[in-house]
Amino acid sequence: MAELPDKRTAFVEWYLAVVEEAHLSDKRYGVKGMNVWTPYGFQARRNLDQVLIREIEATGSRPVEFPALIPATEFAKEKEHIKGFDAQVFWVTKGGATELDVPLVLRPTSETAMYPIFALWVRSHRDLPLNVYQIVNTFRYETKTTRPFVRVREIHFFEEHTCQADEASATARVQSNLDAFRRMAAAFALPYLAVRRPEWDKFAGAHYTIAFDLPLAGVRTLQLGSVHHYRDNFAIPYGIRYEAQDGGERYVHQTTFGLSERLLGAIVGAHGDGHGAVFPSAVAPYEVVVVPVLSGAAAPTVPKMAGEVADTLRRGGRRVVLDDGDERPGAKYYRWELAGVPLRLEVGPREVESGRLTSVDRLGRKGSAHLDTLLGDVASRLSEFDRELARRADERFRESIVPATTLAELSDSNSVRLVGWCGGEECGHKIERAIDGALLGTLEEPLPFLVAAPTVCVACGRADGTQPALAAQPM
Ligand SMILES: [Zn+2]
């Protein structure tokens, strides 16, 4: 098998090779940007979704599912929104041979599918808050180069939509989403930055947008997801109003929270190394691979014991694969490292004799697991692995953000840049031109580590109103 491209010098090539070699996706489908989910990739996606479901439901959100097709008349009601998505939607204009009276939009996101129905569901203050989410496929006509998980035309989309009584309650819901995302990201061992997007880069129709950005490969960042505060921008055109306690009619204030399979791309991109993918145990399709090692005159008890070890773990609720094929152990190690399995257990004649298995985690750290205490030992090896994975990701994260105090420093930058920004649009665009990328926006939460943030605007030198902001080249 060919060696993987170098992650540091050829990140994109490395990423594509890992996705391919780890069998996470099959790119040979006949429509650009539409992913075929292989069994291995699907399992990773499902595990990832389960973390999202657990965390969002813990905040009182309930699942729903709305149709994929939206009447053009509904889609066009919020003007900024339609403007923002105009160039990106797929249209359904015929049913059989008949032209449809009202053309249908294949949902790029579900505001305009849900909100006419929300207007029927929300009548009184007792119907609030309405917090619902769905995980469905959405479609966007992506014209740039597509990449598996990261830039696609059929998106595996998690979207929460909420209705709140007033602006302050909607702001509190945004905060609750930021907190939920912190817990999700912790399960994926992904460090990130919560950034308030500048006006010109917010979601179409939003009052404001907070996005989660992951520094990845030098000056590049990947947007992992976003939370939007809509105020009553959608409630007014869609007529979502309620009778308040004082008897008055009010429009709701709304929020949304969007995530996608980009998180899977981020996990591959952030944790992977020269040997392939590295999955945190919450996402790994298999948490443990058991490999029988039949060296020399192997005892016939080896395959039996390997099978028993796998069974015990499976019964204990672990996701396990037993690799009892006839390849040499070295070839198996190589393959499961490529696939990113967190922990490998080796069962050989010595192990059978001592009752003590050799365990090697995906970061190359050796340990052991006793047969008598197998489940507990494996659980603690996996949590050690997750902690170390997070620690290493965190270390790279800290190194990837470097302050800049002049525009000249932004050109040819090889890291994400922390700058001062006065909030002026003209200065914002100067910063974007200098870094040949985007002003991601102002920090919504302080950096999780101490960096002296510049106090004057990098473009105009003003101190008044200047906030720390991030500039990078989004992927
Ligand atoms: Zn300025």
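Colleague: Which residues of helix α14 are buried?

Modeller: The model is predicted, so local features need pLDDT of at least 70 and side-chain atom pairs pLDDT 80 or more, whereas totals for chains, interfaces and linings use all residues. Residues are numbered from 1 along each chain as its sequence is written, and side-chain values use heavy atoms, with hydrogens and water left out. Helices (H or I, at least four residues) and strands (E, at least two) are DSSP runs numbered from the N terminus, and buried means under 20% relative accessible area, exposed over 50%, partly exposed in between (1.4 Å probe, protein chains only). In α14, residues 425-435, the buried ones are Cys427, Gly428, Ile431, Glu432, Ala434 and Ile435.

Colleague: Why do the buried residues of α14 line one face of the helix?

Modeller: The arc is taken from the directions from the helix axis to the C-beta atoms. On the other side of α14, Glu426 and Arg433 are exposed. The buried residues line one face because, seen down the axis of α14, they fall within an arc of 165°.

Colleague: Which residues coordinate the zinc ion?

Modeller: Donors are N, O and S atoms within 2.8 Å of the metal (3.2 Å for Na, K and Ca); water is not among the atoms, so sites may look incomplete. In sequence the donor residues are spaced C-x4-C-x29-C-x2-C. At 2.3 to 2.4 Å, the SG atoms coordinating the zinc ion belong to Cys422, Cys427, Cys457 and Cys460.

Colleague: Is Cys460 buried, partly exposed or exposed, and what is its relative accessible area?

Modeller: Cys427 lies in helix α14 and Cys460 in the loop between β22 and β23, 33 residues apart. Cys427 is buried, at a relative accessible area of 9%. Cys460 is partly exposed, with a relative accessible area of 38%.

Colleague: What angle lies between the planes of Tyr192 and Phe212?

Modeller: Rings of Phe, Tyr and Trp (its six-membered ring) pair if their centres lie within 6.5 Å; planes under 30 degrees apart count as stacked, over 60 as edge-to-face and the rest as tilted. The whole structure holds 23 aromatic pairs. Tyr192 and Phe212 form one that is edge-to-face, 5.5 Å centre to centre, and the angle between the planes is 90°.

Colleague: How many residues in sequence separate the parts that this pair ties together?

Modeller: Tyr192 and Phe212 are both buried. Tyr192 lies in the loop between α6 (167-187) and β9 (193-196), and Phe212 in strand β10 (residues 208-215), so the parts tied together are apart in sequence by 20 residues.
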